[in-house]
Amino acid sequence: MVTNDPDYEDIWGLYLGRCVNEPIHQAVCLHEITPRSKGRLAMAFWNRVPLCHECHSYYTPSPPVKQKQLKLKQKETIDFLYYGKQKTVKLRSGKIIKLPY
């Protein structure tokens with residue numbers, strides 16, 4: 001996909017292209033946990049997660065209770081993928097980021 005988002009490929013790579021809610025499914029889009037209508041935070045690196053089509057339909061719109069669910073799924077996925085031990089990850093772009101959890 002062509003995008004001018006500098007974090008797009010890194011976010012996909014961090015989650016290995018898998019849906020955060022259903023990791024057995026391939027993700028099809030990046031979803032903003034806190035919606036764009038709430039301001040600049042929407043495009044922040046840790047505010048976006050990959051979702052499959054079914055999960056994206058479920059989490060859209062994103063009321064606060066669903067935002068909390070998605071943040072928990074994000075944490076669980078990162079803990080699973082990175083064994084809950086790593087503090088940093090090297091992204092596709094070469095950047096090294098600190099994991100938030």
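Hi everyone. Let me start with how the pieces are named: helices here are DSSP runs of H or I with at least four residues, strands are runs of E with at least two, and both are numbered from the N terminus. One more thing before we look around: this is a predicted model.

Let's begin with helix α3, which covers residues 64–81. How far apart are its end C-alpha atoms? They are 26 Å apart, and that agrees with the 26 Å that 18 residues should span at 1.5 Å a residue.

Now, which residues of α3 are buried? They are K66, Q67, L70, Q74, T77, I78 and L81. Looking down the axis of α3, these buried residues fall within an arc of 110°, so they line one face of the helix. What do they pack against? Their partners are α1 (8–14), β1 (29–32), β2 (48–51) and α2 (53–59).

After the helix comes Y83, with a positive phi near 60°.

That brings me to backbone geometry. Most residues other than glycine have a negative phi, and most peptide bonds are trans. Keep that in mind for the next two stops. L16 is in the loop between α1 and β1, and its phi is positive, near 55°. L16 is also exposed, with a relative accessible area of 56%. Then, where is P61? You will find P61 in the loop between α2 and α3, and the peptide bond leading from T60 to P61 is cis, with omega near -5°.

The loop between α1 and β1 also holds N21. Is N21 buried or exposed? At 15% relative accessibility, N21 counts as buried. Leaving aside residues up to four places away in sequence, N21 touches L51, C55, Y59 and K73. With Y59 there is a polar contact, side chain to side chain, at 3.2 Å.

Let's finish with charges. Side chains of opposite charge can pair when their charged atoms come close. How many salt bridges does a search of the whole structure find? Seven. One joins D10 to K95, with the closest N and O atoms 3.8 Å apart. D10 sits in helix α1 and K95 in the loop between β3 (88–90) and β4 (96–98), so this pair ties together parts that are 85 residues apart in sequence. D10 is buried, at 2% relative accessible area, while K95 is partly exposed, at 37%. These two also belong to a network of salt bridges that links D5, D7, D10, R48 and K95.

Another pair is E32 and R36, whose side chains meet at 3.1 Å, N to O. Here E32 is buried, at 16%, and R36 is exposed, at 58%.

Notes
Residues numbered from 1 in each chain as written. Predicted model: local features only at pLDDT ≥ 70, side-chain atom pairs only at ≥ 80, totals over all residues. Heavy atoms only, no water. Expected span 1.5 Å × (residues − 1). Buried < 20%, exposed > 50% of the residue type's maximum accessible area, 1.4 Å probe, protein only. Arc of directions from axis to C-beta. Contact = heavy atoms within 4.5 Å. Polar contact = N/O pair within 3.5 Å; in protein donor to acceptor, adjacent residues only side chain to side chain. Salt bridge = Lys/Arg side-chain N within 4 Å of Asp/Glu carboxyl O.
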